[in-house]
Amino acid sequence: TRLRVDERLASAGDGSELVVRTLGGQVGDVGQVVHGEALLLIGERALLFLEDAPEGVLRVTAMAQGHYPVRKDSSGELRLAPSPRLSELSGKGAVGDLVGRRPTDAGDLVRKAFRDAR
């Protein structure tokens, strides 16, 4: 999937586009769904955690756990949502910290975590 980059939160990379590989898809009449994989939709904004994959492309870290679509809540405000193919998780982790937050607040948390990890 070719993605347009609006903002980089914790990457040294540059450029306005990325190529990200996900499992599954459709070719002609044959399709394959990979449960637990990130579902990247055309025109949908999302916060993604990415890592290097073979052949010089990127993949979503931990499949659907690294994918946070941006959706409007009941009041019309933009919030991070869980990936539609996310399996139920035990424990809080990043999903518990990020889902429901405004994109700017989530970005601040990611930047802080990245700085603290260095």
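Predicted model: local features only at pLDDT ≥ 70, side-chain atom pairs only at ≥ 80, totals over all residues.

Colleague: How many aromatic pairs does the structure hold?

Modeller: One. Rings of Phe, Tyr and Trp (its six-membered ring) pair if their centres lie within 6.5 Å; planes under 30 degrees apart are stacked, over 60 edge-to-face, the rest tilted. F49 and Y68 are edge-to-face, 6.0 Å centre to centre with 75° between the planes.

Colleague: Where do F49 and Y68 sit in the chain?

Modeller: F49 is in the loop between β5 (46-48) and β6 (50-52), and Y68 is in strand β8 (residues 67-72), 19 residues apart. Strands here are DSSP E runs of at least two residues, numbered from the N terminus.

Colleague: Is Y68 buried or exposed?

Modeller: Y68 is buried at 1% relative accessible area, while F49 is partly exposed at 27%. Buried means under 20%, exposed over 50%, partly exposed in between (1.4 Å probe, protein chains only).

Colleague: Switching topic: what does β8 pair with?

Modeller: Three bridges join β8 to β5, antiparallel, and A46 has P69 as its bridge partner. Two strands pair if DSSP finds at least two bridges between them.

Colleague: Which residue takes a positive phi in the hairpin of β8 and β9?

Modeller: G76, near 90°, and there are five residues between the strands.

Colleague: How many salt bridges does the search find?

Modeller: Twelve in the whole structure, counting a side-chain nitrogen of Lys or Arg within 4 Å of a carboxyl oxygen of Asp or Glu. One of them is E55 with R21, 2.8 Å from N to O. E55 lies in the loop between β6 and β7 (58-60) and R21 in strand β2 (residues 17-21), so the pair ties together parts 34 residues apart in sequence. E55 is exposed at 65%, and R21 is partly exposed at 38%.

Colleague: And which residue does R71 form a salt bridge with?

Modeller: E44, with the closest N and O atoms 2.8 Å apart. R71 is partly exposed at 32%, and E44 is partly exposed at 24%.

Colleague: What about D105 and R102?

Modeller: Their side chains meet in a salt bridge at 3.0 Å, N to O. Salt bridges that share partners join D73, E77, R79, R102 and D105 into one network.

Methods
Residues numbered from 1 in each chain as written. Heavy atoms only, no water. Helix = DSSP H or I, 4+ residues; strand = E, 2+ residues; numbered from the N terminus.
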